[in-house]
Amino acid sequence: MRSRKRIPVAILAVGSLALTATACSDDGAGSAEPLESLDIMAPFFSAVPPEEDDPIDAALSELAGLDISVQWVPNTDYGAKTNTVLAGDDIPDVMVIQGKDQAFVQTAEAGGFWDLTEYLASGDYPNLVTENPEVQEASSVNGKVYGVYRARDVIRSSVILRQDWLDNLGLELPETTDDLYEIARAFTEDDPDGNGEDDTYGMINPMWGGIGNGSPYDAIEVWHGSGNLWTEEGGALVPAFTTPEWSQALEYERDLVSNGYVNADYATMDPATWNEPFLNGEGGIILDVQSRAAQLVGLFKEQDPDNFDKYVGLAGQLEGPNGTFAMPTAGYSGFLAVPRAGVQTEEQLKQVLTALNELNTTEAQNLMNHGIEGDNFTVEDGVAVFDTSKQDFTDQVTGAWAQLGMNVAGYNAYPLQQPTEYDQALYQLRLDLQAEDLANAVFNPAAGFVSPTYTTNGAQLDTIIADARIQYIAGQIDEAGLQAAIDNWHASGGDEVTQEINDLYAELN
Amino acid sequence: MTTVLEVDREPGAPPSRTPARRRRLWTDAVRYRWLFLLMLPGVLYFVLFRFWPMYGARIAFKNYIPFLGIDGSEWVGLTHFREFLSNPDFPRLLENTLILAGLSLFIAFPLTIVLALLLNELRLQILKRTVQTLVYIPHFLSWTVVVSITALLFAIGNGPLWTFLGWAFGTDANFLADPDWFRPLILMQEVWKNTGWGTIIFLAALAGVDQEQYEAAVIDGAGRWQRVWHITIPSILPTIVVLLILQTGQILNTGFEQIYLMSNSLNRTVADVFDTYVYFAGIEQGAYSYSTAVGLFKAIVGLVLIFGTNWLAKRFNQQGIF
């Protein structure tokens with residue numbers, strides 16, 4: 001009976017091997033001929049990706065002078081897809097790379113991507129010359145720029161408060177970390193909603209993994225002057241969490257928690273439910289990106305259409321006990337890199353860069369972020385007004401094509417029409433706060449350095465510190481325990497990371 | 001199945017590959033084509049998802065860079081294994097993994113047998129069927145749902161169970177974040193979700209127990225306990241042993257989803273296991289070779305354990321699985 005079964009198994013095994021082998025040998029090799037089309041791989045967020053005959057595709061192709069063909073990949077699968085594409089034969093001409101992870105860095109250092117540093121600096125492509133050199137440097141790999149970064153707001157962090165609670169208690173928006181502490185206390189102890197019950201607290205903090213990635217804790221630490229992930233001390237770079245300012249910030253955070261001014265489930269709360277306590281009137285302070293304020297206003301509008309403008313207060317970043325420091329974002333979200341497998345000659349590369357340069361014109365920015373003027377949107381008094389009957393198309397444009405936007409030399413597309421005067425004022429306030437905080441922004445001096453040890457062990461190293469931070473705040477460990485965790489970080493590869501970062505710092509500065 | 005058995009019992013058939021033998025193979029293949037067809041999806045599954053990936057497992061011995069491909073990447077021998085075994089996290093990961101596996105093996109697994117025996121003792125068929133159906137249901141919920149339910153029940157301030165436990169025992173523990181509560185919660189979830197489903201095989205085995213033995217035992221004056229102890233348990237012992245052997249092979253596979261979803265900064269010291277480590281190292285950091293090495297290490301340990309328990313079972317005069 002056994003040998004009888006073996007035959008079909010063997011046939012199947014051989015058959016499936018043959019199938020897989022043929023499937024893999026797809027022809028995708030490039031040639032030295034000038035490019036006729038531009039194959040791009042990009043993530044999308046919309047419900048459905050644009051089709052090949054999309055009008056935006058046609059308009060952008062005309063601008064770029066090459067037939068653009070985009071391989072759209074759902075954003076959630078993008079990281080995995082990037083690695084499979086890099087390992088395969090069918091490599092596009094331009095790829096959106098979402099982060100400097102191991103696979104990308106190794107590929108780049110093995111020569112898999114064009115080094116664009118010289119080309120971008122040459123000035124031949126004016127729309128690809130960055131208006132923010134710090135961000136371009138942060139997006140580079142040890143001084144080499146492998147891609148045109150996708151620009152994002154540099155200042156997003158803010159303090160969002162229940163304005164009605166502040167008004168009830170006669171308090172002003174906070175300007176310093178001490179103000180914030182006092183407001184958190186008052187929101188907890190002074191019955192800000194006036195219902196006579198002890199049912200409110202100050203700050204809402206969700207569960208957060210990692211360090212230096214925009215958490216409320218990161219913001220408080222930067223405001224205290226700990227630096228942004230790395231900070232210079234006596235000519236060398238040291239991790240921010242080894243500074244006395246960081247310890248001071250942690251004490252501040254621990255006091256907030258131990259006094260009950262923070263939600264009790266701060267270590268386990270799902271970040272997706274961050275708005276709920278704020279909307280329900282349980283907690284009154286959120287330290288997060290400015291756009292959350294606009295989001296909350298929208299939610300209050302549904303709850304209470306008449307008084308929606310009374311609930312949300314937005315303050316900029318706070319002055320700390322050691323000075324004024326603001327926490328910036330990375331300033332970019334990945335970059336568009338050019339793999340050598342598809343683009344083989346310098347002439348082809350220049351064709352690609354010329355096309356990318358065209359994709360950064362104001363005309364292209366309007367196409368990618370709004371759609372077709374006169375079709376799904378019109379321009380009234382200099383702002384874009386969308387045709388609500390073509391919302392599906394608009395969503396597809398903003399959810400997909402906008403992901404190709406780089407905007408490194410500035411973003412000049414029409415501003416969006418705000419639904420009410422209040423929204424307009426809030427939008428203006430965000431811009432004002434951004435300008436104000438940008439002057440105090442503390443950039444990560446090591447953002448452009450890729451340390452091999454960090455690339456392989458970084459997530460675990462970060463987790464050591466992130467966990468120790470929460471354990472200290474919770475009172476689970478004391479100063480000695482915190483120090484033990486930092487020592488553990490050093491022993492688990494942190495020393496190597498520090499060494500590698502400092503070697504690069506000495507070499508490139 | 002009966003026909004196949006008959007063919008098996010046919011005498012003669014020498015193992016040599018004579019032309020006659022080959023011809024018979026072919027006629028058999030034709031005769032049992034429908035059985036082979038039935039087998040096809042299962043075989044395909046194993047070839048595609050179990051055997052074919054083994055070819056890729058060699059990246060555990062290479063420094064795999066996607067751009068260079070599996071063949072182009074450089075061989076590094078046992079470097080990744082050495083790195084893993086000398087990792088300062090290794091003892092902690094092993095301890096956490098073994099404790100969780102031990103809880104599952106020594107508490108959850110016997111509970112399955114107990115539940116099966118209890119169900120078997122139920123005489124009212126409608127009650128038995130209803131209970132069976134009810135205890136199967138949790139198996140079909142995903143871990144995400146189970147963990148969300150747990151989070152709701154134990155939420156500080158308004159979780160029903162949290163409120164009840166506070167009222168009954170005066171505790172205000174943060175069950176979801178307290179490291180001391182992590183393992184009990186994981187065990188409770190596992191028992192709730194999988195015990196009912198796990199009874200299926202035992203119930204099948206129990207259905208096969210010779211009823212005449214019970215009748216004889218009743219005539220001899222055996223009580224219920226005695227019947228369970230002297231007839232039921234010995235009858236299903238082979239099944240228990242087989243499942244136990246299979247279970248030990250899984251010892252290092254602590255359900256990734258469940259543990260990953262239940263872990264947080266405050267309980268990570270007890271929640272980090274091999275599976276979450278592979279996820280962090282492999283998926284989050286893209287260290288494919290390294291995490292493959294860890295995965296392979298787990299598989300080898302599992303294999304050794306299966307052989308070990310199988311050998312032990314045979315020493316104690318039980319049937320093993322091979």
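I started with residues 32–52 of chain B in this predicted model. That stretch comes out as 95% helix and 0% strand, with its end C-alpha atoms 27 Å apart. Next I checked residues 98–119 of chain B, where I got 100% helix, 0% strand and 30 Å between the end C-alpha atoms.

I then looked up how UniProt labels these stretches. Its unreviewed entry lists both 32–52 and 98–119 of chain B under "transmembrane region". The record also has 140–165, 185–207, 228–246 and 287–313 of chain B there.

On to the sheet in chain A. I found five strands in an open sheet, ordered β2-β1-β3-β13-β4, and the pairing is mixed. Its edges are β2 (67–74) and β4 (147–151) of chain A, each pairing on one side only. I noted an average twist of 25° from one strand to the next.

I zoomed in on one pair in that sheet. Strands β3 (residues 94–97) and β13 (residues 332–337) of chain A run antiparallel, joined by three bridges. For A:V96, I traced the bridge partner in β13(A) to A:L336.

Last, the nonpolar cores. Which residues touch the most other members of the largest one? I got A:L38 and A:I285, out of 161 residues in that core. Helix α17 (residues 452–473) of chain A gives the most to this core, nine residues. Apart from it I found another core, of five residues, including B:A116, B:F202, B:A205 and B:I236.

I went back to A:L38 for its contacts. Leaving out residues up to four places away in sequence, A:L38 touches A:A64, A:L66, A:D67, A:I68, A:D93, A:V94, A:V352 and A:A355.

How values were computed: Residues are numbered from 1 along each chain as its sequence is written. Chains are lettered from A and ligands numbered from 1 in the order in which they are written. This is a predicted model: local features need pLDDT of at least 70, side-chain atom pairs count only at pLDDT 80 or more; totals for chains, interfaces and linings use all residues. A nonpolar core is a set of buried Ala, Val, Leu, Ile, Met, Phe, Trp, Tyr and Cys residues joined through C-beta atoms within 7 Å. A residue is buried if 20 or more other C-beta atoms lie within 10 Å of its own, exposed if 12 or fewer, and partly exposed in between; C-beta atoms are placed from the backbone. Helices (H or I, at least four residues) and strands (E, at least two) are DSSP runs, numbered from the N terminus. Two residues are in contact if their C-beta atoms, placed from the backbone, lie within 7 Å. UniProt positions are given in the numbering used here, feature names are shortened, and annotations may be inferred rather than shown by experiment. Two strands pair if DSSP finds at least two bridges between them. Axes are lines fitted to C-alpha atoms, for helices over the stretch in contact, and angles run from 0 to 180 degrees between N-to-C directions.
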